[in-house]
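Please read them with the structure open.

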Amino acid sequence: MSVQSKIKLDGGEFMLKDVSPDQVFTTEDFSEEQRMIRDTVIEFIDREVWPVKKRFEENDYDLTVEMMKKIGDLGLLGVNVDQDYGGLGMDFIATMLVCDYISGATGSLGTAYGAHTGIAILPIYLYGNEEQKKKYLPKLCSGEWFGSYCLTEPTAGSDANSGKTKAELSEDGTHYLISGHKIWISNAGFANLFIVFAKIEDDKNLTGFIVPSDLSNGITLSEEEKKLGIHSSSTRQVFFENTKVPVENMLGERNGGFKIAMNALNVGRIKLGAAHLDGQRRVISGAVNYANNRVQFKQPISNFGSIKEKIAMMAISCYAGESSCYRAASDVQTKIDQFISNGLSKQESELKGVENFAIECSILKVGVSEDMQNCADEGIQIFGGMGFSAEVPMEAAWRDARIGRIYEGTNEINRMLMVGMLLKKAGKGELDLMSALQNAINDNVEDKPETINELKHEMSIVKKFKKIFLILLGKVFEKYGAEIEKNQQVLLALSDIMIETYFSESTLKRTIKNIKRSSIHDQSYQIEISKLYIYEASQIILKKSKDIIISACDNKTQKEILTQIEELVSYKENPNVFSIKRSIADKIISENKYCF
Ligand SMILES: Cc1cc2nc3c(=O)[nH]c(=O)nc-3n(C[C@H](O)[C@H](O)[C@H](O)COP(=O)(O)OP(=O)(O)OC[C@H]3O[C@@H](n4cnc5c(N)ncnc54)[C@H](O)[C@@H]3O)c2cc1C
């Protein structure tokens, strides 16, 4: 199949169009090479990291460095960096797989790995010139050197472009003098270089610089921050005072730093989504194993409906997050291949490929980080009092999960971004939102007869989620016009509908694709997972829709639209959710681990 015919939907287009199961990549589609790299990571984590997990809770920064070096020895610090620069030159899916499985045991290592490979290596790999790439990447990929990304400042957090760090050109024009104060810098305690964002003179935008960590060059580090979680991830403030940086260390163009920072974050976000998957698998397996062994009222607590309810809900989120992450990873890779075949360089193609799917990157960052938090929370609950003890891994999983909602752009910022980017793409003519809106209003949502009877209703309802989104978007546009972007509560509610739609569709299409290549019988639990996830999503979408309608429509129209939306999410035959939950949980309980 040619690259052109393989790519069907662009980033964000999933909200406007249907996608066939064949177009959705699933974890069952991993190549031999991808499976091998996944198994290498699992084996490494189980052998080296899990047995010393407790030390990661004790601010053992040296342990993190030791593990990062071992990961470097395995070649896993430059998974998608070209072999010419010391990387493995593998595809985007492989990169996501490594992030996924390397982060499951402890968020400390996940954060160190993500900061180094995602936001420190990437700006050099994607924006560096040949000389910079040759000079720094081999050291960063081998683990001889480590990197940090210095964007945040005391007065510039979410508003990252408002940073005050200055770069002044020396009189002889050979170097810049950088002065400023960066905070919350991951890996700062052991980094050999910093990617620093600063403003040259009175520039409007930031410029990026590669700054070696030479403490005799005006660089001071604070003590390690005392944090709620990720205890062995180094986080420090970094002070620059007239730090001399040769002009050749400027990254990309002057004023181009904000773009570098944001594009690095796009990649960071999708990887952060993946980095919260194995944590969920491990929490579910740990919790079910405990529930099978803990006896109360003369029976294992896994016999109780209330425990089964939790196990099922944890599992459907994990399955949905996994389905969504790898679907998006493959779409990004296909887009990259498309750009390469159109003559762009590998780096430019990667940049544009990820940028094209920036909406999905935000969706995954938000959706999976919140699922990880809920999963760890329920994990604690299943352990009861023991869950509150630092002796069992649930407590650390819960604390470590909390940061996922804050860094790489808070979840609020990412929620607003995903709707904003959709509107921007439509404004630029990259998405045909107007036709989709018109079709939604004229009730033209195609409802083709489907072949998989067991999931017929779910196939139709996921399409209706999109219709509901479009109807609501039309209404809020009528009410707020271009001011919609200032109405944050509406944007947040719309973003939740986008997240639920993407997760529902990815779950459903994965299951359908697998039914087509195996059987209904083989996929019976996955069918139940899809049914349950989509039912739960329909209830969230109904609630969010009501909130939007109440804010955007007058009393008379409110009733009309609400009735329409209630009809769209209604079931002819409601799924027996309690029975489905028991069935999914029973399967996991019998396997004594997460098994999908
Ligand atoms: C452990 C840790 C590691 C980190 N690692 C790094 C790193 O390696 N490099 C780096 O540069 N930074 C790093 N950060 C910084 C992180 O990216 C920021 O903390 C984050 O972007 C939020 O910025 P802030 O803390 O200033 O919060 P603020 O921007 O002050 O936000 C506070 C609250 O206000 C909300 N808010 C802010 N603006 C808006 C708005 N326009 N509309 C609606 N709500 C809004 C936010 O969602 C949030 O809830 C790290 C932070 C932590 C805690």
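1. Start at threonine 220. Neighbours within four places in sequence aside, its contacts are Gln237, Val238 and Phe239. Threonine 220 sits in strand 6, which covers residues 219–221. One of these contacts can be given a distance: valine 238 is 18 residues away in sequence, yet the two C-alpha atoms are 5.9 Å apart. Keep in mind that this is a predicted model.

2. Is threonine 220 buried, exposed or partly exposed? Its relative accessible area is 45%. Buried would need under 20% and exposed over 50%, so threonine 220 is partly exposed.

3. Most residues other than glycine have a negative phi. Please look at this residue by eye. Isoleucine 230 has a relative accessibility of 6%, so it counts as buried.

4. Glutamate 408 belongs to the loop between helix 12 (393–401) and helix 13 (411–427). Is this charged side chain's residue buried or exposed? Glutamate 408 is buried, because its relative accessible area is 13% and the cut-off is under 20%.

5. Now helix 3, residues 61–73. This helix has 13 residues and spans 19 Å from first C-alpha to last. That is close to the 18 Å expected at 1.5 Å a residue. After helix 3 comes glycine 75, with a positive phi near 85°.

6. Which residues of helix 3 are buried? They are Tyr61, Leu63, Thr64, Val65, Met67, Met68, Ile71 and Gly72. An α-helix has 3.6 residues a turn, so residues three or four places apart point the same way. Check the buried set against that spacing on screen. The cover over these buried residues includes helix 2 (32–49), helix 4, helix 5 and helix 6 (130–142).

7. Leaving out neighbours within four places in sequence, phenylalanine 44 touches Val49, Met67, Lys70, Ile71 and Leu74. Of these, Met67 and Ile71 are among the buried residues of helix 3. Phenylalanine 44 itself counts as buried, because its relative accessibility is 2%. Tyrosine 101 is 57 residues away from phenylalanine 44 in sequence, and their C-alpha atoms are 9.6 Å apart.

8. Helix 5 provides the largest share, 4 residues. By class, the lining of the largest cavity holds 8 nonpolar, 4 polar and 1 charged residues.

9. The second largest cavity contains about 40 Å³ of space. Which residues line this second cavity? They are Asn80, Phe92, Leu122, Leu126, Val267, Glu350, Leu351 and Val354. Helix 5 and helix 10 (346–356) each supply at least two residues of the lining of the second cavity. Here the largest share, 3 residues, comes from helix 10. The lining of the second cavity splits into 6 nonpolar, 1 polar and 1 charged residues.

10. Last, asparagine 356, which is also in helix 10. Residues up to four places away in sequence aside, asparagine 356 touches Asp10, Gly11, Lys335 and Lys425. Why does asparagine 356 count as buried? Its relative accessible area is 14%, and buried means under 20%.

Technical notes. Residues are numbered from 1 along each chain as its sequence is written. This is a predicted model: local features need pLDDT of at least 70, side-chain atom pairs count only at pLDDT 80 or more; totals for chains, interfaces and linings use all residues. Side-chain values use heavy atoms; hydrogens and water are left out. Ala, Val, Leu, Ile, Met, Phe, Trp, Tyr, Cys and Pro count as nonpolar, Asp, Glu, Lys and Arg as charged, and the others, Gly among them, as polar. On a 1 Å grid over the protein atoms alone, a cavity is a set of points where a 1.4 Å probe fits but cannot get out, and a pocket is an open set with protein on both sides within 12 Å along at least five of seven lines; lining residues have an atom within 4 Å of a point. Grid points are joined across faces, edges and corners, and a volume is the space filled by probe spheres set on the points. The expected span of a helix is 1.5 Å times one less than its number of residues. Buried means under 20% relative accessible area, exposed over 50%, partly exposed in between (1.4 Å probe, protein chains only). Contact means heavy atoms within 4.5 Å.
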